[in-house]
Amino acid sequence: MRATISQERNRLGWAIPTSLKQSLYLYRSVVVLVALCLMLVIITIVAAGTGAVEISPRQVIGILLDEVGIHTDISFEERQRVVLMIIRLPRVVMGVLIGASLAVSGTAIQGLFRNPLADPGLIGISSGAALATAIIIVLGSTTFKSVTDLLGAQRLPISAFVGGILTTLLIYRLSTVGGHTHVATMLLAGIAINAIAGAGIGMMIFIATDEQLRDITFWSLGSLGRASWDNIKLLLPFLAISLLPLPFSARALNTLLLGESEASHLGIHVERVKAFVIISVALSVGAGVAVTGIIGFIGLVVPHLLRLMVGPDHRVVLPGSALLGASLLVGADLVARTVAVPAEVPIGIVTALIGGPFFLYLLIRDRGRNKLL
Amino acid sequence: MSIKATQITVHVGNAYILQDVSLCLNTGELLAVVGPNGAGKSTLLKVLTGELHPHKGTISIDDKPLARWPKKALAQRRAVLPQNSTLSFGFTALQVVLLGRTPHIRGIESRHDYEIVHEAMRLTATDHLAHRVYTTLSGGERQRIQLARVLAQIWGQDSNNTRYLLLDEPTNNLDIHHQHSILRIARHFANNGTGVLAILHDLNLAAQYADRILVLDKGMVATVGTPKVVLTPHLIQNTFKLTVVVQDHPCMDCPLVIPVTHVNSVQEKDFLKQHFQEAIS
């Protein structure tokens, strides 16, 4: 009898002192974060070296060191240097930034909504941005000529950005009564906004010319093809303002998983956290869509993978999502531009092909357990 | 030192949910709130915690109006156990209890926080669940983990703060053994100076553990006082519409409420008969 009890305790982890197990958990979190860092570095170097002009990983490192003034004995051609610095590197850096911002936004939104199926697309931020771009593409030279003239070459990014922010404000207003945001109302409002925006985009597609249709497709499926140092400069301040402070709300997001009133009883200013997270996500997603179009599924899949690896603690999941999201998007972009050379597949197709089946896998795994919704 | 509610009124349209409810929860006492379903018990708790603003009336904690308490300072003194928990993310039980230390933590959890968490889990007999994933636990285990969380929140024997514990039906989902062990813990906290308010359904649990019982009926305070004064057949008949006999507990100094169930009308007999037949077929 005694033996069975101690065996039972062993199985439940009783024999191991709790503090040791706790340090094992911390140890695993650190290992996962370090591994994700390494993965990002490797994928970045491989992606930067792959394409019509081959650059070996060694040469990539050599060129980069050379750029910052450290001369090595690694030999490379001038042509390789130009391709890397002007074409490849901006694209990879853009992939890192957008991937990290999508994944971090997804994590924060899922935490806020206490719903592992939420993502920025769900509450209409992305589709609002896409509708604004579609309108400018199709009607920019006629009905909205004044807007086109005013915004000039950056008219599409700026209108996407404005569209995303406006949609977020609208949804926020719809679901906030007396300073209290109803999360369920917000999800439902998001569904309605998505439908309306979908109708609007459909209307634009219906009246678009062939060439405009191409532009709309590009925008709704996403691409890193417009990456340039100028675009990165445009994007960076928005991402920095909105994403860098998010880790500071990690503990608040953890308590929010218990429920809003529980978080409030633990001394969290719940409404402040909600407003902060929603505005951050709107800013970063709006800015992201403005430059790359809509890229789906990164924000949904990455937080899930992280939680499978390290559990739901946002203090680990938020930085981990940034690293994994960046790796995934750079990897997906590598596939998108090499799989059908010389043509380039829209990256949205690649991420959807990864994300869709994964989503189904989650549903099947949790079917009947009623865990996801 | 106390939580004081004065003439609280809450209404939805013309329907009054709470009407002129006043109560006082002193430190060091266990106050049980009982009443039939829909009497306004949960609404009263929401008003006491500040989640719901009453249409009339005031709440003060230690003679300072509730609205003037900084959130964090309040959370260090007062913990609230919710009726049901909605956590659907895979925290381990230990992490859930650790969340209770949130108002005390600056930066990262200290060794002291972990010690408190382990103590709270030992007290609620959940230490063997520490590394299980919360969502895989049974309803009763979850309830005890949540209790450990709120205990950890106001643990600090080392501080001079007043402490309050508000429990919304803490015995939900629990077997009779754990019902009693949870109220024993609540009693223990009250004996050590915490003001404990518990919404309860079982009148005998209230009788055995509470210093005072407040009976809420149709949004009004029917009566408040020691178990012996409050729990009379007359009052229980009036508020719960149930015939009972009340005796002295055979071995404890408190009343014992025994419901009298006998089928005494033709309609009731017919009703029961019909139900049995449906159950068989």
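Predicted model: local features only at pLDDT ≥ 70, side-chain atom pairs only at ≥ 80, totals over all residues.
Let us start with chain B, where 4 strands form an open sheet in the order S2-S1-S4-S5, with antiparallel pairing. The edges are taken by strand S2 (15–26) and strand S5 (64–65) of chain B; each has a single partner strand, so one side of each is left without a neighbour in the sheet.

Strand S1 (residues 2–12) of chain B is joined to strand S4 (residues 56–61) of chain B by 5 bridges, and the two run antiparallel. Across S1, S2 and S4 of chain B lies helix H1 (residues 41–49) of chain B, running at about 60 degrees to S2(B).

**Nonpolar cores**

The largest nonpolar core has 79 residues, and Met94(A), Phe113(A) and Val277(A) have the most contacts inside it. Setting aside neighbours within four places in sequence, Phe113(A) is in contact with Ala118(A), Ile123(A), Val183(A), Met186(A) and Leu187(A). A second, separate core has 60 residues, including Ala120(B), Ala198(B), Val215(B) and Val257(B).

**Where the chains meet**

At the interface, 29 residues of chain A are in contact with 35 residues of chain B. Between them the two chains bury about 2800 Å², and 60% of that is on carbon and sulfur atoms. In chain A, the residues that lose the most area to chain B are Leu258(A), His265(A) and Leu266(A), together 25% of what that side buries.

Charged side chains also take part, with 2 salt bridges found across the interface of chain A and chain B. The side chains of Glu109(B) and Arg315(A) meet in a salt bridge of 2.9 Å, N to O.

**Salt bridges**

Over all chains, the structure holds 19 salt bridges. Here are some of them, with N to O distances.

| Residue | Partner | Distance |
|---|---|---|
| Glu109(B) | Arg315(A) | 2.9 Å |
| Arg81(A) | Glu78(A) | 3.0 Å |
| Glu344(A) | Arg91(A) | 3.0 Å |
| Lys274(A) | Glu260(A) | 3.0 Å |

Arg81(A) and Glu78(A) both lie in helix H4 (residues 78–113) of chain A, 3 residues apart, about one turn of the helix. Arg81(A) is partly exposed at 23% relative accessible area, and Glu78(A) is partly exposed at 47%.

Glu344(A) is partly exposed at 40% relative accessibility, whereas Arg91(A) is buried, with a relative accessible area of 11%.

Finally, salt bridges that share partners join Arg91(A), Asp333(A), Arg337(A) and Glu344(A) into one network.

How values were computed
Residues numbered from 1 in each chain as written. Chains lettered and ligands numbered in written order. Heavy atoms only, no water. Pairing = 2+ DSSP bridges. Contact = heavy atoms within 4.5 Å. Axes fitted to C-alpha atoms, helices over the stretch in contact; angles between N-to-C directions. Core = buried A, V, L, I, M, F, W, Y, C linked by side-chain atoms within 4.5 Å. Buried < 20%, exposed > 50% of the residue type's maximum accessible area, 1.4 Å probe, protein only. Buried area = accessible area lost by both parts, 1.4 Å probe. Salt bridge = Lys/Arg side-chain N within 4 Å of Asp/Glu carboxyl O.
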